[in-house]
Amino acid sequence: MTEVASWSSQTPSRRYMARHQKRGTRGNIIKSIAELIKNADDTYDRAGSTSGKIEIGFWKLKKTQRRAIGGFYVRDWGQGMTKDIAIQAYKKYGEDTTAGARNAAIGVGGKDALLGMNDCRILTVCDASPLVIQVRTDPVHNDLESRILEGEEALRCFREFDSKTSPPARPLKASESGTVVAFRIPETVHCPRFDTVAQELTQYYTLRTIMEDPQRTVELLDVDTGKRTRLHHSPPEGVIKGKHSLEIPYRGTMYRVSVEFKRAATALDKDKELGYA
């Protein structure tokens with residue numbers, strides 16, 4: 001029997017992959033960060049941790065007067081990733097890596113959040129084994145590519161990250177499990193102002209459960225000044241017109257969803273896809 005006569009699945013083209021990935025966060029930085037925050041929350045959820053901290057760090061543009069942010073990182077002190085998990089999560093596309101975590105039914109995934117960003121690195125430690133996953137957007141096909149670094153190459157990336165963020169960020173340790181996802185924002189991409197990013201994150205609707213969870217600490221860190229801000233969910237002002245609670249099945253798990261209808265006090269900005277509408 002020839003190869004073409006055997007049953008086989010279809011392989012998606014890179015053109016299709018690029019279109020699919022672009023639909024994920026649509027270049028919205030706040031939405032991208034929200035996806036990474038949910039990934040960080042899931043690592044604590046899978047481990048059944050009674051507490052967990054999620055740190056969102058940012059640094060400002062240096063050579064401009066614009067009040068804008070140059071890059072972000074999202075960090076957790078959870079399980080970290082083994083090499084096999086890293087391959088499944090970043091060398092394959094469409095794999096279910098959520099393992100029934102509480103954010104599994106919402107969002108587009110952490111990989112899509114990095115599309116179009118620069119210097120994307122995932123620095124992770126599991127069982128004292130450091131790994132670095134480098135992710136980039138192919139300039140020709142506009143889809144995501146990745147590679148995994150181990151050993152001294154990984155540790156070199158750890159030291160480079162520390163040199164840019166510590167202090168005030170806590171240095172990375174090869175003996176301490178956890179994950180950092182860092183990226184730099186291209187100058188052509190719209191980015192929130194550093195004096196409004198906290199408000200935009202606290203009002204993002206899919207982060208409500210995480211920010212209201214007493215077992216989670218979500219903190220924003222200005223790497224340039226060392227200022228830390230504890231983030232709590234803060235819905236847009238308005239008059240509540242109704243509430244409803246329902247359960248939605250997803251892949252064998254029932255998710256309880258609370259729906260709140262509110263008339264906004266002011267006109268809402270739908271273009272930024274902050275979930276207000």
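Predicted model: local features only at pLDDT ≥ 70, side-chain atom pairs only at ≥ 80, totals over all residues.
Figure 1. Helix H4, residues 151–165, lies across E2, strand E3 (118–126), strand E4 (129–137), E5 and E6. Its direction is at about 75° to E4. The ring centres of Tyr-73 and Phe-161 are 5.3 Å apart and the planes stand at 80°, so the pair is edge-to-face. Tyr-73 and Phe-161 are both buried.

**Figure 2. The open sheet of eight strands.** The strands follow the order E5-E4-E3-E6-E2-E1-E7-E8, with mixed pairing. Strand E5 (144–150) and strand E8 (228–230) are the edge strands, each pairing on one side only. From one strand to the next, the twist averages 15°. Within the sheet, strand E2 (residues 69–76) and strand E6 (residues 178–184) run antiparallel and are joined by six bridges. Val-74 is placed opposite Val-181 in E6.

**Figure 3. Helix H2 and the largest nonpolar core.** This core has 43 residues. Helix H2 (residues 29–47) supplies its largest share, eight residues. The residues with the most contacts inside the core are Ile-33, Ile-37, Ile-56, Phe-72, Phe-183, Ile-185 and Leu-201. A second, separate core has 15 residues, including Cys-157, Ala-169, Leu-172 and Val-223. Helix H2 lies across strand E1 (52–60), E2, E6 and strand E7 (216–222), and runs at about 15° to E2.

**Figure 4. Surroundings of Phe-183.** Neighbours within four places in sequence are left aside here. Among the residues in contact with Phe-183 are Ile-33, Leu-36, Trp-59, Gly-71 and Phe-72. Further contacts of Phe-183 include Leu-114, Met-117, Asn-118, Asp-119 and Cys-120.

**Figure 5. The cluster of Phe-58, Phe-72 and Phe-183.** Four aromatic pairs are found in a search of the whole structure. One of them, between Phe-58 and Phe-72, is tilted, with 6.2 Å from centre to centre and 50° between the planes. Phe-58 belongs to strand E1 and Phe-72 to strand E2, so this pair ties together parts that are 14 residues apart in sequence. Phe-58 is buried, having a relative accessible area of 4%. Phe-72 also counts as buried, at 0% relative accessibility.

**Figure 6. Lys-60 and the ring of Phe-194.** Lys-60 lies over the face of Phe-194, at 4.9 Å from the ring centre.

How values were computed
Residues numbered from 1 in each chain as written. Heavy atoms only, no water. Core = buried A, V, L, I, M, F, W, Y, C linked by side-chain atoms within 4.5 Å. Buried < 20%, exposed > 50% of the residue type's maximum accessible area, 1.4 Å probe, protein only. Helix = DSSP H or I, 4+ residues; strand = E, 2+ residues; numbered from the N terminus. Contact = heavy atoms within 4.5 Å. Pairing = 2+ DSSP bridges. Axes fitted to C-alpha atoms, helices over the stretch in contact; angles between N-to-C directions. Phe/Tyr/Trp six-rings, centres within 6.5 Å; stacked < 30°, edge-to-face > 60°. Lys NZ or Arg CZ within 6 Å of the ring centre and 35° of its normal.
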